[in-house]
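Here is a friendly walk through some labels and the cut-offs behind them. Have the structure open as you read.

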Amino acid sequence: MPLLRAAMPQTAKIQLLPRSLFARVTLIIVVGLVLAQLLTFAAIRYERGLALRQLMMMGIERDIASSIALLDRLPAAERDSWLARLERRNYRFALAGDVKGTEPSTPLSREFAEAIVNALRPFEVTKLVELSDPPDGLTLQVRLTDGSAVLIHARRVGMPVSNWVLWVLLAQLAVLAVCAWVAVRLVTRPLARLASAADDLGPDLKAKQLAEDGPTEVAHAARAFNAMQRRIAGYMAERVEILAAISHDLQTPITRLRLRADMLDDDEDRDKFRQDLDAMNALVREGVSYARTLHGATEPPCRIDADALLESMVSDYEDAGQALRIDGQVGAPIVTRPNALRRILMNLVDNALKFGSEVRINVRAEAGRLTVAVLDNGPGIPPDQLEAVLQPFYRVENSRNRSTGGTGLGLAIAHQLAMAMGAELQLSNRAEGGLEARLTLTTT
């Protein structure tokens with residue numbers, strides 16, 4: 001059924017970004033800072049790698065060449081005792097051993113080997129291999145002037161970034177993230193205050209004024225919003241005054257017309273005049289009542305017995321000969337505006353009694369919420385007009401007269417009063433026929 005399908009939740013879409021502007025801007029800035037720090041770290045590592053290679057090419061080959069020249073000048077019997085003295089962290093010498101391995105395969109290894117070979121001239125390098133252990137290691141066999149061989153085991157030593165550099169980068173990232181959070185909060189906080197003030201601007205038009213301070217743009221927006229609130233409140237007050245004046249001025253001619261109608265001899269014409277005058281009078285009263293609901297709800301909230309209120313309403317309708325039934329109960333006192341609540345429910349019940357022969361009220365109380373639904377067995381409302389009937393002076397059937405269709409203000413007044421007291425009024429057609437008017441309000 002259409003209503004059931006409309007009530008079913010749609011499949012949730014994947015939300016990649018947070019919903020709030022504050023979280024989104026903060027996330028974007030922090031991610032940008034993380035990427036910037038990673039690029040900085042990568043640049044430092046790359047620069048240190050270039051510096052290390054340049055330093056290695058300028059120093060290690062000269063040290064190796066100097067050590068080979070020294071060994072060449074020493075007597076053969078003394079060379080072994082000097083090997084430990086000449087050993088360094090990235091190279092060492094041996095007078096005997098196997099030379100096994102492959103030719104240098106990487107550009108860095110070939111560049112490293114070429115630099116050592118060039119520095120060893122005029123000594124002849126008879127063998128040159130690359131070792132797998134240690135990585136990037138080279139073994140060179142060099143022939144001295146007396147024909148003996150010396151093995152050179154050399155390797156490239158990395159220049160790792162110090163741990164403190166990483167901690168400094170992380171500390172910088174943390175400081176920048178905090179600064180970004182503070183900056184974004186300063187930017188979005190005025191927007192949050194403005195949105196809160198707009199939400200508080202209900203039918204009563206009594207939202208509190210925003211503080212007109214802070215940065216120039218924020219202060220200007222606050223001044224504009226406060227001025228808008230004052231203009232809207234002035235327009236609505238003027239509207240109520242005009243309607244009240246019209247209502248007051250219409251009372252006199254309506255009274256004169258009623259007196260003249262009473263003087264008519266024809267009973268049928270007299271009854272018709274009285275019906276028209278009653279309709280005019282009801283329209284004037286309800287028009288003013290609707291305008292006052294727009295102007296504001298001055299009734300303060302208080303704790304009441306909702307079950308007693310509902311039972312008194314049922315008794316009033318029963319005294320008037322109208323059948324009304326209540327299903328469920330609240331079971332505990334609630335905090336609400338009793339007169340506004342009673343007016344809303346009476347308007348909903350009156351509307352249900354106009355078009356249905358059976359009317360009942362369903363009451364369901366939950367934690368901190370109360371739902372009161374007025375159900376009837378009438379013809380219902382076309383689905384495309386469920387929202388429109390909450391507008392003033394809107395009636396579903398244009399052919400209906402005032403006696404059956406009313407003024408078109410009952411549901412509009414109930415809707416405005418519901419918004420004024422922070423409640424929600426929803427209309428829906430029942431599956432078994434008829435209309436359901438559901439009022440949902442907080443009770444704390």
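Q: Where is Leu38 placed?
A: Leu38 lies in helix H2 (residues 21-73). Helices here are DSSP runs of H or I with at least four residues, strands are runs of E with at least two, and both are numbered from the N terminus. The model is a predicted one, where local features need pLDDT of at least 70 and side-chain atom pairs count only at pLDDT 80 or more, while totals for chains, interfaces and linings use all residues. Residues are numbered from 1 along each chain as its sequence is written, and side-chain values use heavy atoms, with hydrogens and water left out.

Q: Why does Leu38 count as exposed?
A: Exposed means over 50% relative accessible area, buried means under 20%, and partly exposed is in between (1.4 Å probe, protein chains only). Leu38 has 51% relative accessibility, so it counts as exposed.

Q: What makes Leu27, Val31, Val34, Leu35 and Leu38 a patch?
A: Patch members have over 30% relative accessible area and no salt bridge; nonpolar side chains (Val, Leu, Ile, Met, Phe, Trp, Tyr) are joined within 5 Å, and like charges within 9 Å. Leu27, Val31, Val34, Leu35 and Leu38 form such a nonpolar patch on the surface, with about 400 Å² of accessible area together. The areas come from the Shrake-Rupley method with a 1.4 Å probe, and for residues only the protein chains shown count as cover.

Q: How do you know that Glu268 and Lys272 meet in a salt bridge?
A: The rule asks for a side-chain nitrogen of Lys or Arg within 4 Å of a carboxyl oxygen of Asp or Glu. For Glu268 and Lys272 the N to O distance is 3.5 Å. The two are four residues apart in helix H7 (residues 267-295), so about one helical turn separates them. By this rule the count comes to nine salt bridges.

Q: What makes Arg438 and Glu436 a salt bridge, and how is each classed?
A: Their side chains meet at 2.6 Å, N to O. Arg438 is partly exposed at 32%, whereas Glu436 counts as buried at 13%.

Q: Why is strand S11 (residues 435-442) described as largely enclosed?
A: Six of its eight residues are buried, so the rest of the structure largely encloses S11.

Q: What makes the largest nonpolar core a core?
A: Such a core is a set of buried Ala, Val, Leu, Ile, Met, Phe, Trp, Tyr and Cys residues joined through side-chain atoms within 4.5 Å. The largest has 42 residues, and among those with the most contacts inside it are Ile344, Leu427 and Leu439. Helix H9 (338-355) is one of the elements that supply at least two residues; H9 gives the most, with eight.
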